[in-house]
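Biologist: I have the sequence and the coordinates open side by side. Can we go through the fold one question at a time?

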Amino acid sequence: SDPIARQQIPDPQAASTFLASRLSWDERLAEPHASTLRLYQALLILRRREPTLRCPSTFHVAALDDATIAIRRDGSHDAFLVVARLKGAGVIDLRHGRFSARSSNSDALAGPWEMVLTSEDSAFSADPSPPDFDWTRQGLAIRFLRPSAVVLRRERGRKLP
């Protein structure tokens, strides 16, 4: 509704708007685009390799705080947990059941979990700042140093040491 803002909107019918909106495929070879492409490729390979991520399965999604979401997918033999910090640094404490309370499985976040991937791996980040993990018998706390994500896997029936 602001006439000044409206003047900043490119003409959708102009050839220059079309040309400016086209992908530059050469950018995928330069950072940070190359790292993002490697991350997407790794996630696609993981989905292809893991039946729980490939097939329809039970999943639960929760906002853990104003900046963090978690998605858990349960399969017949394993479970995957993705925790994504969307802004800033922070500690996510999964030991108190905030996420598992949304599921029918009371030990939904009990360990042991295995780290599969983090967006802070050196293959995906020019200056990696991997999150810190505090693994206990009660569960897991993750300290994110900046926005990033982790993918964890747990085999069903596997007992804590």
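Biologist: Where is the place of proline 32?

Modeller: A word on the source: this is a predicted model. The peptide bond leading from glutamate 31 into proline 32 is cis, with omega near 5 degrees. As for its place, proline 32 sits in the loop between α2 (15-21) and α3.

Biologist: How far does α3 reach from its first C-alpha to its last?

Modeller: Helix α3 covers residues 33-49. With 17 residues, the expectation at 1.5 Å a residue is 24 Å, and the model is close to that value. The reach of α3 from first to last C-alpha is 24 Å.

Biologist: Within what arc do the buried residues of α3 fall, seen down its axis?

Modeller: The buried residues of α3 are Ala34, Ser35, Leu39 and Leu46. An α-helix has 3.6 residues a turn, so residues three or four places apart point the same way. In α3 the buried residues line one face of the helix, because seen down the axis they fall within an arc of 140 degrees.

Biologist: Which exposed residues does the face of α3 turned away from its buried side carry?

Modeller: Tyrosine 40 lies in α3, and its relative accessibility of 53% counts as exposed, the cut-off being over 50%. The C-alpha atom of tyrosine 40 is separated by 9.3 Å from that of phenylalanine 124, which is 84 residues away along the chain. The exposed residues on the face turned away from the buried side are Tyr40 and Arg48.

Biologist: Is glutamate 50 buried or exposed?

Modeller: Glutamate 50 is in the loop between α3 and α4. Leaving aside neighbours within four places in sequence, glutamate 50 is in contact with Asp78, Phe80 and Arg153. Its relative accessible area is 12%, and the limit is under 20%, so glutamate 50 counts as buried.

Biologist: How many residues of β3 are buried?

Modeller: Strand β3 (residues 78-85) is joined to β2 (residues 68-74) by 7 bridges, and the two form a hairpin with 3 residues between them. To β8, β3 is joined by 8 bridges, also running antiparallel. Strand β3 is largely enclosed by the rest of the structure, because the buried count is 7 of its 8 residues.

Biologist: In β7, which residue is the bridge partner of aspartate 134?

Modeller: β6 pairs with β7 (residues 139-144) over 5 antiparallel bridges. A hairpin of 2 residues joins the two strands. Across this pairing, the partner of aspartate 134 is alanine 141.

Biologist: How far apart are the ring centres of phenylalanine 133 and tryptophan 135?

Modeller: A search of the whole structure gives 1 aromatic pair. Phenylalanine 133 is partly exposed at 24% relative accessibility, and tryptophan 135 is partly exposed at 39%. Their ring planes make 25 degrees, so the pair is stacked, and the centres are apart by 5.4 Å.

How values were computed. Residues numbered from 1 in each chain as written. Predicted model: local features only at pLDDT ≥ 70, side-chain atom pairs only at ≥ 80, totals over all residues. Heavy atoms only, no water. Pairing = 2+ DSSP bridges. Helix = DSSP H or I, 4+ residues; strand = E, 2+ residues; numbered from the N terminus. Buried < 20%, exposed > 50% of the residue type's maximum accessible area, 1.4 Å probe, protein only. Expected span 1.5 Å × (residues − 1). Arc of directions from axis to C-beta. Phe/Tyr/Trp six-rings, centres within 6.5 Å; stacked < 30°, edge-to-face > 60°. Contact = heavy atoms within 4.5 Å.
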